[in-house]
Protein chains: 2
Amino acid sequence: MTHLQKHVIGIVIYPGMTALDVVGPQTVFSGLPSVQIHRTWKTIEPITTDDGMVIVPDTTFADCPPVDVLCIGGGRAQGAVVNDLELLNFLREQGNRARFVTSVCGGSEFLARAGLLEGCRAATHWATRKQLAELGIEVGTERVVVDRNRITGGGVTAGIDFGLVVAKALCGEEIAKITQLLMEYDPAPPFDTGSPEKAGPELVEKAMQYMTQAMEATV
Amino acid sequence: MTHLQKHVIGIVIYPGMTALDVVGPQTVFSGLPSVQIHRTWKTIEPITTDDGMVIVPDTTFADCPPVDVLCIGGGRAQGAVVNDLELLNFLREQGNRARFVTSVCGGSEFLARAGLLEGCRAATHWATRKQLAELGIEVGTERVVVDRNRITGGGVTAGIDFGLVVAKALCGEEIAKITQLLMEYDPAPPFDTGSPEKAGPELVEKAMQYMTQAMEATV
């Protein structure tokens, strides 16, 4: 076990993000040995997530050291910042030297717009697969897609599976397995409707309407 | 569908809590129709979670309206507040009139200490089952335990399964299924080590050592 190597992890925190997208991986990462996590944004002013929680970033882009793992999640209100030049420049600069360039859910759209997914396969939330494909990215429908040093997760809860894949890459299989145990990640979803394929077209249609309403309420 | 009924949900936010314990359910709840979420603590000063994230509570105990769902999670540093009288009084007062009294992970210890689990079965993180039993509570090892209006989840990630069970109780099965789909909750854990039974005694032993170190580092 390589306990002595320090892993610097940069998690982008932005207004309108989905908290769970990055809190899943954060929980995994924070349990790893020798990890330093920076929750980074333009400023350290509090931001509000798309589910209404207020989080305070701890590191500005300007103060963020070079990261080993760059991570960004999605959000119902990500449209408001997805073309933000300061953010895209930060992602590009960090991404070009990071050991792993990663995202969860709609976070892959940010990586794509920053030019960090050229020629790569990547995952995204099922409802945004078409959108990511339109940016010229090959979309993988697996829960976690690993393409060289690009590691991307599917929608929201996929961040937990994603985090454990990254944990194995950083710290080896045993520590990743211990982390899964400590997070008691032995899922038992009450329904079998977690993917569009399993849920079927009727429920997908209802979910899309539902999501549209929620996004309108958020924006 | 009973879209018009408003559900008031109170999530307790405290220093040293595990963010994911309550961010899982929060993601579920925030997607439900007609929900009002209060993230409540003694003050609205920012708190730091056990994985180092700063969250700002939005409602003091004094300002919190009567809740339909009372929810508290666990945390590596919960020992510092688990006997806090102001907190226990808040839980007792709200819990005695709430429609559902709920917890995730070590949060069940708070409910027990507030006298809200007398004669009930409840779940907790696997590593704290003995501790909860010592408080006179019958411990269930299922991922989510429903005992009349007490709904309790197991460790950390169980909050997602738990949240969906609560969602069904509040809003019916179809909305809970849609919520699961929108959260893309179709888990694919990379390892089969999510419970002590599956992980086996050797890994459990290592995990306990690991957790002890992490708790010492937190406190």
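These are my notebook entries on a predicted model.

**Entry 1: how the two chains are related**

I began with the two copies, keeping in mind that two copies of a chain are related by a rotation about an axis and a shift along it. When I looked up the values here, I found that a rotation of 180 degrees, with 0.0 Å of shift along its axis, superposes chain A on chain B with an RMSD of 0.0 Å. The two copies are thus related as by a two-fold rotation axis. I then looked for the C-alpha of chain A nearest the axis, and noted that it belongs to Ile55(A), at 2.3 Å from it. I also noted that the same surface serves both copies, since 100% of the contact residues of chain A recur in chain B.

**Entry 2: the nonpolar core**

Next I asked myself which residues have the most contacts inside the largest nonpolar core. That core has 144 residues, and the ones with the most contacts inside it are Phe29(A), Leu91(A), Phe29(B) and Leu91(B). I followed up Leu91(B), leaving aside its neighbours within four places in sequence, and listed its contacts as Val12(B), Leu70(B), Ile72(B), Asn96(B), Phe110(B), Ala114(B) and Leu116(B).

**Entry 3: helix H2 of chain A**

I turned to H2(A), whose buried residues are Leu87(A), Leu88(A), Phe90(A), Leu91(A), Gln94(A) and Gly95(A). They cover an arc of only 160 degrees around the axis, so I wrote them down as lying on the same side of H2(A). What does this buried side pack against? I found strand E1 (7-12), strand E2 (35-41), E6, strand E7 (100-104) and helix H3 (107-113), which belong to chain A. On the face turned away from the buried side, I found the exposed residues Leu85(A) and Glu93(A). At the N-terminal end of H2(A) I noted a cap formed by Asp84(A), which has a side-chain oxygen 3.1 Å from the backbone nitrogen of Glu86(A).

**Entry 4: aromatic pairs**

A pair of aromatic rings is described by the distance of the centres and the angle of the planes. Over all chains, I noted 6 aromatic pairs in the structure. One of them is formed by Phe61(A) and Phe90(A), which are stacked, with 4.1 Å from centre to centre and 10 degrees between the planes. Phe61(A) sits in the loop between strand E5 (59-60) and strand E6 (69-72) of chain A, while Phe90(A) is in helix H2 (residues 85-95), so I noted that the pair links distant parts of the chain, 29 residues apart.

**Entry 5: a threonine in chain B**

Finally I looked up Thr179(B), which is found in helix H6 (residues 173-182) of chain B. Buried means under 20% relative accessible area, and Thr179(B) is buried because its value is 4%. Its side chain reaches the backbone oxygen of Ile175(B) at 2.7 Å. Leaving aside neighbours within four places in sequence, I noted that Thr179(B) is in contact with Val28(B), Leu32(B) and Leu164(B).

Note on methods. Residues are numbered from 1 along each chain as its sequence is written. Chains are lettered from A and ligands numbered from 1 in the order in which they are written. This is a predicted model: local features need pLDDT of at least 70, side-chain atom pairs count only at pLDDT 80 or more; totals for chains, interfaces and linings use all residues. Side-chain values use heavy atoms; hydrogens and water are left out. A nonpolar core is a set of buried Ala, Val, Leu, Ile, Met, Phe, Trp, Tyr and Cys residues joined through side-chain atoms within 4.5 Å. Buried means under 20% relative accessible area, exposed over 50%, partly exposed in between (1.4 Å probe, protein chains only). Contact means heavy atoms within 4.5 Å. Copies are superposed by least squares on the C-alpha atoms of residues with pLDDT of at least 70 in both. Rings of Phe, Tyr and Trp (its six-membered ring) pair if their centres lie within 6.5 Å; planes under 30 degrees apart count as stacked, over 60 as edge-to-face and the rest as tilted. Helices (H or I, at least four residues) and strands (E, at least two) are DSSP runs, numbered from the N terminus. The arc is that of the directions from the helix axis to the C-beta atoms. A polar contact is a pair of N or O atoms within 3.5 Å; within protein, one must be able to donate a hydrogen and the other to accept it, and residues adjacent in sequence count only if both atoms are side-chain atoms.
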